[in-house]
Amino acid sequence: MRIAAPGTPGSELPPRSSPQAPPGLDPDVLLAGWPQRLGPDDWAVFKPRWGAFSRTCLEELLTELGAHTLVFAGCNLPNTPAAV
């Protein structure tokens, strides 16, 4: 069963993950390695490996934004937040 493949319900953000209704994720943008803006201060980045900074544009995005607070979520708890 394909539960998290692009275009399936499992690949979308949960409805209550944002104060506003988040837009649908754009798999073409995310899989190309670009960040997707979800709201005024919310972004999505596809993470292909264990660490959030491994082979992603996350560091560049955070530097550009001057970010000081991070929230990470994922479906594989031992590898997702722990490897940041």
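Predicted model: local features only at pLDDT ≥ 70, side-chain atom pairs only at ≥ 80, totals over all residues.
Q36 lies in strand β1, which spans residues 36-39. Its relative accessibility is 10%, so Q36 counts as buried, the cut-off being under 20%. One reaches the backbone oxygen of G24 at 3.0 Å. The other reaches the backbone nitrogen of D26 at 2.7 Å.

Helix α1 covers residues 27-31 and includes D28. D28 has a relative accessible area of 65% and is therefore exposed. In sequence, D28 and P6 stand 22 residues apart. In space, their C-alpha atoms are 8.8 Å apart.

T56 sits in the loop between β2 (42-44) and α2 (58-65). T56 has 15% relative accessibility and so counts as buried. The side chain of T56 reaches the backbone nitrogen of L58 at 3.2 Å. L58 is itself one of the buried residues of α2. Leaving aside neighbours within four places in sequence, T56 is in contact with V45, F46, K47 and P48.

Helix α2 has buried residues L58, L61 and L62. Viewed down the helix axis, these buried residues fall within an arc of 95 degrees, so they line one face of α2. An α-helix has 3.6 residues a turn, so residues three or four places apart point the same way. The buried residues of α2 pack against β2. On the other side of the helix, E59, E60, T63 and E64 are exposed.

L65 also belongs to α2. With a relative accessible area of 44%, L65 is partly exposed; this class lies between the 20% limit for buried and the 50% limit for exposed. L65 and D41 are separated by 24 residues in sequence. Their C-alpha atoms are 9.1 Å apart in space. Just after α2, G66 takes a positive phi of about 65 degrees.

Key: Residues numbered from 1 in each chain as written. Heavy atoms only, no water. Helix = DSSP H or I, 4+ residues; strand = E, 2+ residues; numbered from the N terminus. Buried < 20%, exposed > 50% of the residue type's maximum accessible area, 1.4 Å probe, protein only. Polar contact = N/O pair within 3.5 Å; in protein donor to acceptor, adjacent residues only side chain to side chain. Contact = heavy atoms within 4.5 Å. Arc of directions from axis to C-beta.
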